[in-house]
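I opened my notebook to look up a few things in this structure, and you are welcome to read along.

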Amino acid sequence: MNSTCNPLPPDTRRAAADNVVFERAYVESLLRDRESLWHALFAQSRDGVVVLDENGKVYETNQRFADLLGYTMDEMYQLHVWDWAHGPSPEELRAMIREIGDDGHHFETQQVRKDGSLVDIELSNSRTFFRGQKLIFCICRDITARKAAERRIRYLATTDTLTGASNRGEFSRRLAEEIARAHQHGTPLGLVMFDLDHFKHINDSHGHDVGDAVLRGVMEVVRLNVRVGDVIGRWGGEEFMLLLPGLDLRDARGVAERLRAGIAAHRFEPVERVTASFGVVVLEHAEGFDALVKRVDVALYRAKSAGRNRVQAVSGD
């Protein structure tokens with residue numbers, strides 16, 4: 001018996017072929033629709049989107065990202081990630097690309113615009129594969145305005161708005177940090193407390209606007225005579241603190257003397273003359289926050305009791 005299957009009739013073969021053509025056309029149409037949808041979402045995203053190949057070169061991007069960095073679209077396709085990433089070297093960025101997995105990363109960073117300015121970015125990235133090629137998909141959200149608002153809020157929360165010095169809460173936090181650091185590393189830490197002599201008389205005689213101007217002027221003198229790393233704090237009213245990391249008693253006293261002379265020589269119109277009294281101490285072994293502040297307060301009291309417009313240093317002996 002012949003077991004060979006009979007070939008399909010011609011009409012059946014044509015119908016099967018038509019079905020294959022139809023299915024292929026349907027799949028291609030679906031892919032085109034999805035690609036069109038993808039490109040529409042990609043192009044219309046409110047966030048900057050950039051796709052990198054595994055060498056860090058731009059594979060695809062949208063207009064929003066080009067505008068964010070100040071480049072044209074043509075220019076973007078000539079760039080690598082290190083042309084705009086702020087901080088990491090090309091070698092570090094290549095290593096980061098190799099480490100990105102399916103879960104990706106989410107972090108805040110800064111990117112460099114074409115004109116050299118920096119923009120704050122919230123970055124999300126993840127790995128994907130397309131046509132056998134590893135790609136890094138990055139969504140970049142401009143958070144410059146948000147970061148500026150955060151910095152403003154922090155400034156208002158930590159700064160005395162009249163003088164620009166740290167407020168008492170912020171200065172106390174910095175003092176506690178420096179005390180811990182000085183004990184840990186065995187380094188000296190100077191602390192100065194000063195206030196303006198007869199300041200109530202200035203307010204009573206000239207008004208509080210003049211008194212406020214005097215306080216601001218005193219801060220200008222102080223800033224011109226201290227180091228970048230020194231911390232100035234308004235402790236209350238006309239009373240201020242100065243934190244001097246790394247200075248021993250002799251050097252801290254020298255800073256206070258320079259400030260005293262600078263304030264006394266400064267012209268604070270219409271006030272005839274302004275002077276200040278200073279107390280100076282240096283952190284002792286195992287001394288804590290409260291004990292240190294109490295000692296510097298005692299030093300200031302002695303300076304005022306001795307006639308004002310002078311510096312009084314107190315050791316821990």
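**Salt bridges**

I looked up Asp-115, and it is exposed, with a relative accessible area of 58% (buried means under 20%, exposed over 50%, partly exposed in between, with a 1.4 Å probe and protein chains only). A note on the source: this is a predicted model, in which local features need pLDDT of at least 70 and side-chain atom pairs count only at pLDDT 80 or more, while totals for chains, interfaces and linings use all residues. Residues are numbered from 1 along each chain as its sequence is written, and side-chain values use heavy atoms, with hydrogens and water left out.

Asp-115 meets Arg-113 in a salt bridge (4.0 Å, N to O); a salt bridge is a side-chain nitrogen of Lys or Arg within 4 Å of a carboxyl oxygen of Asp or Glu. Arg-113 is partly exposed, at 25% relative accessibility. I searched the whole structure and found 23 salt bridges. Glu-108, Glu-122, Arg-146, Lys-147 and Glu-150 are linked in a network of them.

**Asp-120**

Is Asp-120 buried or exposed? Asp-120 counts as buried, at 9% relative accessibility. I found Asp-120 in strand 4 (helices, H or I of at least four residues, and strands, E of at least two, are DSSP runs numbered from the N terminus). Asp-120 forms a salt bridge with Arg-151, with the closest N and O atoms 3.8 Å apart. This pair links distant parts of the chain, since Arg-151 sits in helix 5 (residues 144–158), 31 residues apart from Asp-120. Arg-151 is partly exposed at 48%. Leaving out residues up to four places away in sequence, Asp-120 also touches others, including Thr-109, Gln-110 and Arg-141 (contact means heavy atoms within 4.5 Å).

**Asp-195**

Next I checked Asp-195, which forms a salt bridge with Lys-304, the closest N and O atoms being 2.8 Å apart. Asp-195 lies in strand 6 and Lys-304 in helix 10 (residues 289–305), so the pair ties together parts 109 residues apart in sequence. Asp-195 is buried, with a relative accessible area of 9%.

**Cores**

The largest nonpolar core has 33 residues, and Phe-194, Val-214, Val-218 and Phe-278 have the most contacts inside it (a nonpolar core is a set of buried Ala, Val, Leu, Ile, Met, Phe, Trp, Tyr and Cys residues joined through side-chain atoms within 4.5 Å). Helix 8 gives the largest share of this core, seven residues. Apart from it I noted another core of 22 residues, among them Met-76, Val-81, Trp-84 and Ile-136.
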